[in-house]
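This report describes selected structural features of a single model. The sequence and the three-dimensional structure are shown first.

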Amino acid sequence: MTGKTITSVVESLAGDVRQALGLAPQEPLDRSFAGLGGSSMEAAQLSLRLRRVRGLTLGAHELLDAADVQRLLDELVTRPRAEPAGHPVDAPPTGRAPLTWQQRVIWYRSVLDPGSSRYVFHALFHFTGAPRPSALRAELRRLLRRHPVLRTRIVIDDGNPWQVVPPADVTDAEVDLTVVDLPGDAVSPEELVRLSGSDRPFDLAAGPLLRWVLVRLPDGRGVLVHTEHHMIHDGKSFVALLDSLADGDTAPDLRYFAHASAQSPAEPAEVREAAARAARITGPIPGAETPGAVRSTFLRLPVPAALLRAVRDASRRTSVSLFTALFTAFSQALTRYEGVNAVVLGSAVENRPPGHEDTVGRFVSIIPVVVERRPGELPEATLRRTKGALREAMDHSAVPLPDIVQALGGTAGRDDSAVVRAAFSMHQQSDREVRLGGATARVQLGVFNGAPTFPVDVVALTSGTGDDTRVELLMEAQGGAVDRDVLWALWTYTLDWLRTWVQLLPKMRTPSVPTLVQRVRARATTDPDAVALDDGTHQVTYGRLTALGESVRHIVGRPGEVVGLLGSASPNFFACAYAVLDAGGTYLPLEAGQPAARLASMADHARCGAIVRLPGVPDTLADALERPDHPPRRLLDWAELSAGLHTGPTRAVVGHGLESAAPACVMFTSRSTGDPLGVMVPRPALDRLADWAVRELRLGPATVVGQSANAACGASAFEVWSALYAGARVCFAPFEVRSDPQGLATWFAEADVEYAFVPTPIAELLARVPKPAGSRLTRVSTGGDRLHALPGDAPFEVLNMYGATETTVVATAGWIEPGDTALPPIGRPLPYGYVRVVTGSGAPAAPGEPGELWVGGDGVAAGYTGAPQRSASAFVADPHTEDGALVYRTGDIVRVDSGGRLHHSAGHLSVHHLEALPCTAGGKVDRRLLADLAESGRPHTTGPAGRTDPPRDSAARPVNGTESTDLDQWLRLITPLPRNERLSLVHQLIGSLLSDKETR
C-alpha cells in the first residue's frame, strides 16, 4: 500500500475505534484502550468487526494490553489479511459430537435438578402490533436450519453424554411456537414468562433447545418470549442469533459441533496451579449439598447517572476499564460484608477461539479470581491489584472450573460454589430493534429466571456508548443461601466503594434551618423565666435549660460522645437530654422500666461511656448496668450535675460543623427481627423535623403542648423538641391517664393543652370523647398504626403521620377530613424528604400499583450503631437518584393515589404507647382474652388464668406499663360502640402491639 492509502486505512480504523467507544470524531487515540473508556466487551466487539469488515486479525487482548491504541492501529495495517470467517465446516462423521466442558457443567447440573426450568435464558421481543404466527413460524424454521445446535438433543452412550448433530431439514415438531392470549397487559417480564408457560422445562433428550411463545395482549401489542437452554446459549451467541435474523442465510452452520469434537482437556499442570491459587482462600472442599429448589431472588438496579459519569472519568484517568472498576467495587463489597480479607470471585469470559466470534453455542465459562481486601489501602492501589488478579485469571481461562473443583476434592457441577462464593460479569444490553416475522420488535434482556449458578450472581448490563453509557446491576441470589437483604447490603457497599474512590458524596437536598440549641438560646435571651418543661410539680425554665448545657460539658469529651439517660419521661429527663445536646454530645434514652440486661446491652451497642441517673431511679438498677466483661462506665447523678450550674459566659452556639455532624440521639427499635437496633438520629434531621412541626402544627411561644410518649420512643423526641423549638411550654401527662382517653381529655383541659401527640388507637377513642368544658385542645397529631375513619364531630383537627425512628420519627403527614368513611391516607412526604414506591426488584412501581415504601431525603437516619450489615441492607443507595443518596427501606406496602397521597395496602403498623393489656403468665399479650373482652364488652378484672393482678412496683413497671384499671377504663369506653367497630379497634390494637416496627 502507498503511504496515502495506509493513512486512509488507519483513519478508517481509528473511526471504528471512536464509534465503538462513543468518542468524538477527532478524539486522540494516544492512550490505552481502558484510558479511552473501553472495556473487555468493547474490545471483543471491535475485534469481531475488524475481522468481519476489514479482514484484519486483532485479538481483544491486544487492544486491552496496548498502551497506545493509535500506535497499535499504525502497526495493524501492515499485517496479513485474515481469511473470511463464517464458512460452515462439515459435521463429525459419526453424526454426533461430545459435549464441550462448558456444556458438561450445565448437563450435570440438569441431571442433579431434573425437570427444572432453572437453566434457561429468556429474552423478550416487544411488538407494537402482534405479528402473524405463520410468519414467525417460518422465521423460526429458518433459524433452526441455520443453527443446527439449537435443535440438538443429548443422548447417553456408555454413561457419557453426546450431542446429536441433526439433519439439515427441520421437522414441524422441532418448530416450537405457541400462541397465548392474555386478558391483561400490566405484568412484569417475569410474570409474563410464567403466565405464558415459557418457563416449562426442556427435555434434553428430545430437543429442540429453543422455543418461542407469542403473547398477544388485549390492546393489540404482542410480546415474543424467546427461551434457550443454557446448553446452547451464551450472551455472544444471542447477539449472533440476532444478527442472523437480518442476513437471510439458511446454510447450516456446524462449527460448534466441530469445535466440540476438537476441544482438548486442560493441561494437568495448569489445573494444579489454578487449584493452588484457589486453595489459599477456600481450602479443601467438604461435602456439599445439592442445590435446592427454593425460589431465588433478584434485584435490577441502575447505577446512578452522576456516579457512573464520575466512575467512567476516573477509569479513564487511571487506565482501567469500566468492568475492572465495577468488579473491584463489588469484590470489596463482598469481602467487607463477609468480614474476610480475601475471596474467590468468579467472572464470565467468552473463551471463543479464532473463527468462532459469531458461532452460536455455549463458549462462556467462569474463571476464579482471587481478590483481597486491605483495609486502609487507597482505591487506586486496590484497582491495580485487582486488575493484575483479573489478568492472571484470564491467562488460565482455558482451565475448566470443574477441573479446579475436582482438584480440591469436590464434585464438578455440584461444589462449584464451595470455590466461587459469588460471580460478577458484564454483558452488553442489546439496545436494538430487529425485523422479525414481518414486524419490528424491541429486544429486552435481563429477564430474571431464578437460576443463579452461585450463591450470588451479579451481571452489569451496559447499554449505550460514551457519555450515554448506562449500567444496570442484575443481582441474583440462590434461594435458601442468600436473602434479599444481603443483596441490598452488597449493592450499598458496592456504591460506597465507588463513591469513596471518585469522592462523590451525597449532599443535603434542602437548605439548613436554625438548630434546636440556637432556638432555645434565643428564647432564653428574650424571656429566660418562660417555662419550658412542666409536670405539675417541677418546672424548668428556658434560662435554666441554657445554663444546664454548660454544667454537663465536662462529661462530653468529644462531639458525638454517647451519654445514657437512665429514667423516664419528665422535665428532668429532657432537661438532661437538652444539656447533652447543648454540650455537643449524643443522648441515649434508657427507660428505667426495662430489664437491666436489655438496658446494659443497649448501652454496649451504643458505646455509651457515661450514664446519668435521673431522680427516682433506684441505685440497684443503675449498678446493674455495670458488666464485668465490659469497660467501666462513668455513673453520674443528675441532681449533683444540675446543682453545679455554670455561671460564666456560654460557649458559641452549636452550628452545622463537627458537633452537628454527630447524632442527636441513639434510639433503639426492633425492626423485623425483634433484636434491638440503635438508630443514630442526625442533628440536622431533628432540626428539620422540629422546624416543619412548628409551621405545620402552628406552634408558638404561647402554645401549651401535651406530652405522653415514653422517653425511649421516637415520638417523645418529636413532642418535646418541636415544642422547645417553638419556644412553647411542654406539660407532661400523669402516667395514670396516658392510656385512658377520658382521663386524658380531662387532663388536657385542666392543663390548658392546645396541641398534643397521641398514638393512633388512643386518638381514635379520644375523638369519640365529648370535649370537656374549657378545653383548649384544637389539634392532635397521631401515628403508630393504621388510622380508621373518624367521626364527623371529632372535637379537634387530626394530623395523621407516618414514620419510623429510621426516618427521624415522621416521614409523611396529612390532615384528616372528619366524617370521611374511607381509611385515611398517611399523607405526603415532608418538605425536606421524598418517598418512592418500588417493586420487589427495586424498580419504581406503576402509578397506583402497591409496592414497598422507601423514604429518602434529609430526614433519613445515619444507620444503626454497631450493626454495619443491618445498616447496609436497610439504609440503601437509591438507584433512581443522580448520586445514589441513602433511602430507608421501610418494608411497608403502600400505594399512591392520583393526588399524590400515600395509602397503606397491607400489614399492620406498630405502636409502643399502649401496654394496658391482659397478659399471660409469661408476660405476653393474652390475645384470646382481649378478643373475648371486646366481644362481650365486659371490663377486665382478673389477670392471667383468672388471677387478680397484684399491684406493680413502680420501679419495675414496664416501659409503657399501666395498671389494670387503665384497661377497665378503655373497655368501658368502647363498650357502647357497635360490636363490629369494637372488635376492629381491639384487633387493631393487638396487631399494633405484636407488630415488629416501632413507629409506622
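The model is predicted, so local features require a pLDDT of at least 70 and side-chain atom pairs count only at pLDDT 80 or more, whereas totals for chains, interfaces and linings use all residues. Residues are numbered from 1 along each chain as its sequence is written, and side-chain values use heavy atoms, with hydrogens and water left out.

**Nonpolar cores**

The largest nonpolar core contains 80 residues, and those with the most contacts inside it are Leu-533, Trp-692, Trp-721 and Leu-724. Helix 19 (residues 571-582) gives the most to this core, with nine residues. A nonpolar core is here a set of buried Ala, Val, Leu, Ile, Met, Phe, Trp, Tyr and Cys residues joined through side-chain atoms within 4.5 Å. Buried means under 20% relative accessible area, exposed means over 50%, and partly exposed lies in between (1.4 Å probe, protein chains only). Helices (H or I, at least four residues) and strands (E, at least two) are DSSP runs, numbered from the N terminus.

Beyond its neighbours within four places in sequence, Trp-721 is in contact (heavy atoms within 4.5 Å) with Leu-516, Phe-574, Ala-577, Tyr-578, Leu-581, Tyr-587, Leu-686 and Ala-690. A second, separate core of 58 residues includes Leu-308, Leu-345, Phe-424 and Val-471.

An open sheet of six strands shows mixed pairing and the order 8-15-14-11-9-10. Two strands pair if DSSP finds at least two bridges between them. Neighbouring strands of this sheet are turned by 20 degrees against each other on average, direction ignored. Within the sheet, strand 14 (residues 456-463) and strand 15 (residues 470-477) run antiparallel and are joined by eight bridges; Thr-462 has Val-471 in strand 15 as its bridge partner. Helix 13 (residues 379-394) packs on the sheet, where it touches strand 9 (342-349) and strand 10, and its direction makes about 145 degrees with that of strand 10. For such angles, axes are lines fitted to C-alpha atoms, for helices over the stretch in contact, and values run from 0 to 180 degrees between N-to-C directions.

Pairing also involves strand 34 (residues 886-896), which runs antiparallel to strand 32 (residues 851-857) and is joined to it by five bridges. Gly-851 stands opposite Val-894 in strand 34. Strand 33 (residues 875-877) is likewise antiparallel to strand 34, with three bridges, and Val-876 has Val-887 as its bridge partner there.

**Helix 26**

Helix 26 (residues 741-750) is largely enclosed by the rest of the structure, because seven of its 10 residues are buried. The buried residues are Pro-741, Gly-743, Leu-744, Ala-745, Trp-747, Phe-748 and Ala-749. At the start of helix 26, a side-chain oxygen of Asp-740 comes to within 3.2 Å of the backbone nitrogen of Gln-742. Just after helix 26, Asp-752 adopts a positive phi of about 60 degrees.

**Individual residues**

His-229 belongs to strand 7 (residues 222-229). His-229 is buried, at a relative accessible area of 5%, and touches Ile-106, Ser-110, Tyr-119, Val-120, Phe-202, Leu-204 and Leu-209, residues up to four places away in sequence not being counted.

| Residue | Relative accessible area | Class |
|---|---|---|
| Ala-773 | 78% | exposed |
| Pro-375 | 64% | exposed |
| Arg-607 | 59% | exposed |
| Val-809 | 12% | buried |

Ala-773 lies in the loop between helix 27 (760-766) and strand 27 (779-783). Its C-alpha atom is 9.0 Å from that of Thr-746, although these residues are 27 residues apart along the chain. Pro-375 occupies the loop between strand 10 and helix 13; Pro-375 and Asn-341 are 34 residues apart in sequence and 8.5 Å apart in space, C-alpha to C-alpha.

Arg-607, in the loop between helix 20 (596-605) and strand 20 (610-613), has a positive phi of about 55 degrees although it is not a glycine. Val-809, also not a glycine, has a positive phi of about 75 degrees and is found in the loop between strand 28 (797-802) and strand 29 (812-815). The peptide bond from Gly-207 to Pro-208 is cis, with omega near -10 degrees.

How values were computed. Polar contact = N/O pair within 3.5 Å; in protein donor to acceptor, adjacent residues only side chain to side chain.
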